[in-house]
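Please examine the sequence and the structure below before reading on.

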Amino acid sequence: MPSGLGIMEFLACYASSLSVDAARFDKLVINVAFEISPPRLACKAPSRLYGLNHYKKALKVEGVRLVQSQEELLFWIHRYLDDSALDREGRRRLVQAQCWQTDGRAVERIARRILRAAGVITQAS
């Protein structure tokens, strides 16, 4: 039975690498750019992450919808549920810009590197 990213209709979250994961599954991505609960310190506000250079690059390809209010969040949820193709090309660009390989074998590559570094397998393996 499918689970997680495979069965959801969309992802709504603050700035997160999950946005790229959802885009990889061609799931609609909404990033929240307002504070649901204002933090005690501005430097702890989740929405500040959108100003970081690496996330600006992710937003530039238009694969993530950035919303500024609860009303806008609800609007885009309804729009996305009506038309899941919205921003599809942007999601494709986001994955292309952020992912080196999309073959589902990342864990295998990581394990192979660890085993090589530990001397368990050779470079040719």
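Tyr50 and Tyr55 are both buried, where buried means under 20% relative accessible area, exposed over 50% and partly exposed in between (1.4 Å probe, protein chains only). The model is a predicted one, in which local features need pLDDT of at least 70 and side-chain atom pairs count only at pLDDT 80 or more, while totals for chains, interfaces and linings use all residues. Residues are numbered from 1 along each chain as its sequence is written, and side-chain values use heavy atoms, with hydrogens and water left out.

**Confidence**

- The protein chain has a mean pLDDT of 89, and 96% of its residues reach 70 or more; pLDDT is the predictor's confidence in each residue, from 0 to 100.
- Confidence is highest in helix H3 (residues 70-82), at a mean of 96, and lowest in helix H2 (residues 53-60), at 89.
- Helices (H or I, at least four residues) and strands (E, at least two) are DSSP runs, numbered from the N terminus.

**Aromatic rings**

- A search of the whole structure finds 3 aromatic pairs. Rings of Phe, Tyr and Trp (its six-membered ring) pair if their centres lie within 6.5 Å; planes under 30 degrees apart count as stacked, over 60 as edge-to-face and the rest as tilted.
- Tyr50 and Tyr55 form an edge-to-face pair, with 5.6 Å centre to centre and 70 degrees between the planes.
- Trp76 and Tyr80 form a tilted pair, with 6.1 Å centre to centre and 50 degrees between the planes.
- Trp76 and Tyr80 are separated by about one helical turn, because they are 4 residues apart in helix H3.
- Both Trp76 and Tyr80 are buried, and ring pairs link these two residues and Phe75 into a cluster.
- The charged end of Arg65 sits over the ring of Trp76, 3.7 Å from its centre; the criterion is that NZ of Lys or CZ of Arg is within 6 Å of the ring centre and within 35 degrees of the ring normal.

**Cysteines**

- The structure holds 0 disulfides, a disulfide being a pair of cysteine sulfur atoms within 2.5 Å.
- Cys13 counts as buried, at 14% relative accessibility, whereas Cys99 is partly exposed, with a relative accessible area of 25%.

**Helix H2 and its surroundings**

- The buried residues of H2 are Tyr55, Ala58 and Leu59. Seen down the axis of H2, these residues fall within an arc of 95 degrees, so they line one face of the helix; the arc is that of the directions from the helix axis to the C-beta atoms.
- On the face of H2 turned away from its buried side are the exposed residues Asn53, His54, Lys57 and Lys60.
- The cover over the buried residues of H2 includes helix H1 (18-24), strand S2 (28-32), strand S3 (65-67) and helix H4 (88-98).
- Glu62, which follows H2, has a positive phi, near 65 degrees.

**Arg91**

- Arg91 lies in helix H4 and counts as buried, at 1% relative accessibility.
- Arg91 and Glu62 are 29 residues apart in sequence and 7.2 Å apart in space, C-alpha to C-alpha.
- Not counting residues up to four places away in sequence, Arg91 touches Ala23, Asp26, Lys27, Leu28, Gly63, Ser84, Ala85 and Leu86, where contact means heavy atoms within 4.5 Å.
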